[in-house]
Amino acid sequence: MGFPRYQNNDLTKGTNLAETAVFRAERIGKSYPGVRANDDVSFAVAPGEIHALLGENGAGKSTLVKMIYGLVRPDDGQMFLMGQPHHPADPRAARAAGVAMVFQHFSLFDALTVAENIALGMENPPPRRTLSDRITQVSHEFGLPLNPARRIATLSAGERQRVEIIRCLLQNPRLLIMDEPTSVLTPQEAELLFATLRKLAGQGTAILYISHKLEEIRAHCDRATILRGGKVMGSADPRAHSARELAAMMVGGQMREIDRSGRVAGDVLLQMENVSAPAPSAEGTALKGISLAVRSGEILGIGGVAGNGQEELLSVLSGEVLTRPGSVTLEGRDLSQAGPEARRLAGLLAAPEDRLGHAAVPDFSLTDNTLLTAGGRKVLVRNGMIDHRAARAFAEEVIKGYDVRTPGPGTAARALSGGNLQKFVIGREVMQAPRVLAVNQPTWGVDAGAAAAVRQSLLDLARAGAGVIVISQDLDELMELSDRFCALNEGRLSDPRPTEGLTLDEIGLMLGGAHGMAEAQI
Amino acid sequence: MMMLIPRTETSTGWQIATPIMAVLATMITGGLLFAIMGYDPVAAIRTIFWDPLFGPAASYSRPQLLVKAGPLILIASGLAIGFRAGIWNIGAEGQYIIGGICGAAVALAAYPGEHWWLFPAMIAAGAFGGWAWAMIPAMLRNRFGASEILVSLMLVYVAQKVAAWMAFGPLKNPEGFGFPGSRNLQQYPSASNPELIAGTGAHWGVFAAALAVLATWVLMSRHIRGFHIRAAGLAPRAARFAGVRPETLVAFCLGLSGALAGLAGIFEAAGPAGQITDSFGSGYGFTAIIVAFLGRLNPVGILLAGLLLALTYIGGELAQLTMQLPAATVQVFQGMLLFFLLGFDLLTRFRITRGVPA
Ligand SMILES: Nc1ncnc2c1ncn2[C@@H]1O[C@H](COP(=O)(O)OP(=O)(O)OP(=O)(O)O)[C@@H](O)[C@H]1O
Ligand SMILES: [Mg+2]
């Protein structure tokens, strides 16, 4: 193999592992139209091991675990679970064989309780009373407190994920798969998750773990298998390498440094004054008296745990939700009553966090998805008639400019890997040269190399004189990007502070204290 | 316990295959049904699907094909646009009736004057009537969140009562010897919608239907409005983000489908039907729903599906005449067609497995 440096002693250990492995893949392959998503993939997961799958966006990680879970069928190769051939026809068969999976996107019904949701996912749910007892018991055993009678709608993202995990634990899996589980969790919730995984591994369960957060993998995983372009590049002990080295293995090159230079803060471009908005739904958050100002050349970072009004703040900026006249102005022009398209034409653009179904239509091609936001500004639509050729050209431009890995602009958005679609969505907005761009979780699910590229493009945009609002849960990202920082907590925004010189402790205080401060003002 | 499991990979070929399979399954099941009832199944199927076009009396029945297909296609074209956006106008039958009444009322008000503008005015009134009738569910949905499915359906029954009232009251023919029903517009040159090309059955409504197919195709595949409609049906939040206001879309889709149904109504009232009677609504509005689905909500598909369902109408009547098949045959066939289509659709998207009994 062309990657000897990182290959550890698998060859000697191989025979041994082959016998004891919980799961083993042998020369697995899977093709999609125009892409070889998995090619000749062989690896094994030992009992009690937390095994990371690493790879850049589109490397084939999700495809691989979907095959293990019976959602996708491999074209060739073989899989073994506990030494037995494993070829699940569907997730039911995979579950019956002892595989459990937690998806990045929750599949829970908001209106039902925890116990009802868990019962729905079971083949033979026991009587409600017994099930509730089992849930309480398992949740205590693993230190994941959860009340079976609570409604999903009232749970935080971390608690919702607990429901998914407990649903998995109740089936006593031999192999637990987690696809980017921590992207929605607070650092504390993530710690709790790893404590649980450790406990589970201690009982002999094997865990297959996908994440782009390299530090997290270094801290918690026993072994890592690295994928690139659908192929296994080798395996490594993540503790023995720095995050930078791991990233280099995934990309096969050096990561570039972020360049923050050359920006000058100019005039105020966007101003929001005392904006309030009711919660859009039972699970939503009401915005309470939000004021902010963004200058030309500046990046304003907004931190906070998701679910504290991030989505709502973005929809107030994008024009999906209108607010009091005069409350949103761009370069002195009142946009508070303007819808999304009018705001785009005026130069205020936005990229929501949920890429499948909000920022993009999953079943539309990338070409069609450019029409969602760029129709007017990029003149892809004239007198109401769509210029398909121009749309296609713009899609190609975005694909090229943002290194979106896909066979072409005709590919449906849902066929892109998560991170690649995210790059497309951000690229589509940045390449329209906005005056002000608001983004929510711009690098969610994006690999380290591409995340650096996305961040750089936001910095470049600001350097060219635009104002940028970055809403994110990732404090490192906000520290790297923003000139001023404020915290969003329960729909209230704290006063901004210059990021320079701000310590993590101070930020923690802002995140926790924003609430208390605002309440004292009322 | 039987369970439906979503298929992991679905193919696009099924999109075209399922309507064809549904038609075949309908023929087979229909044939079995006839056999059980004691009819010759092969002869019955031939009478319904073949004889209207190529049988001994084809020269009489062939023009009927366009006469029946015209309104079906016209109405289905409009319905399909709403269905794409997830806006379910089930009450095209009502909009058709009201459109017919409004257009006929204009003609009867002008009777017996002959004016060049009369026919265009009737068409405008017909479209307006259908539009206005459809705006009732649109407004109720936008204002109060009422289901447009229920409201539009209920309004069909109201429209039928209005038709009866008109036929017995305001629009009744004063020279009709007391019989219910309006004057016959076919005998009123300025207002009549005659067969334009002899022997084809093509009247103005058929040309309008062809135009509607073309226009909806342009709308859905070339115009940004159509793009927004498709987006709203697939991902409502993304459509909102693009700048689509749901209220506007509801009004547009219901209004457009209502107007097209109203047009079909006035073309029928001034043409093949000739007058407003208490039974003016003849089910085109409901059958058009089947046409829209069988045609995959696609303009070209609707064209073909409209012709096919028109065939079942004519063939059913023919079988009634020549083989004494029951009059309900047509409805049974149309119902089976929709049933099989939805069934096959379900099976292409889901697999049925047996759950382990608890
Ligand atoms: N349903 C599909 N149809 C067509 N191509 C697909 C489909 N699913 C995945 N692909 C392609 O297969 C490749 C691997 O995708 P996969 O989702 O496994 O990547 P990934 O490693 O999980 O990336 P990410 O980190 O961005 O989630 C990509 O090139 C993607 O475009
Ligand atoms: Mg993935």
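**Ligand site and interface**

User: Which residue has a side-chain N or O atom 2.5 Å from an oxygen atom of ligand 1?

Analyst: This is a predicted model, in which local features need pLDDT of at least 70 and side-chain atom pairs count only at pLDDT 80 or more, while totals for chains, interfaces and linings use all residues. Residues are numbered from 1 along each chain as its sequence is written, chains are lettered from A and ligands numbered from 1 in the order in which they are written, and side-chain values use heavy atoms, without hydrogens and water. A polar contact here is a pair of N or O atoms within 3.5 Å; within protein, one must be able to donate a hydrogen and the other to accept it, and residues adjacent in sequence count only if both atoms are side-chain atoms. The side chain that places an N or O atom 2.5 Å from an oxygen atom of ligand 1 belongs to T63(A).

User: How much of ligand 1 does the protein bury?

Analyst: A polar side-chain atom of H212(A) lies 2.8 Å from an oxygen atom of ligand 1, and a backbone N or O atom of G419(A) also lies 2.8 Å from an oxygen atom of ligand 1. Taken alone, ligand 1 exposes 630 Å² (Shrake-Rupley method, 1.4 Å probe). The part of this area that the protein buries is 87%.

User: Which helix supplies the largest share of the shell around ligand 1?

Analyst: The ligand is surrounded by 18 residues (a heavy atom within 4 Å). The largest share, 3 residues, comes from helix 2 of chain A.

User: What area is buried between chain A and chain B?

Analyst: Contact (heavy atoms within 4.5 Å) joins 36 residues of chain A to 27 residues of chain B. Buried area is the accessible area (1.4 Å probe) that two parts lose on being put together, summed over both. Carbon and sulfur atoms give 60% of a total of about 2,500 Å².

User: Which residue of chain B meets E311(A) in a salt bridge?

Analyst: A salt bridge is a side-chain nitrogen of Lys or Arg within 4 Å of a carboxyl oxygen of Asp or Glu. Across the interface of chain A and chain B there are 3 salt bridges by this rule. In one, at 3.3 Å from N to O, the partner of E311(A) is R237(B).

How values were computed: Helix = DSSP H or I, 4+ residues; strand = E, 2+ residues; numbered from the N terminus.
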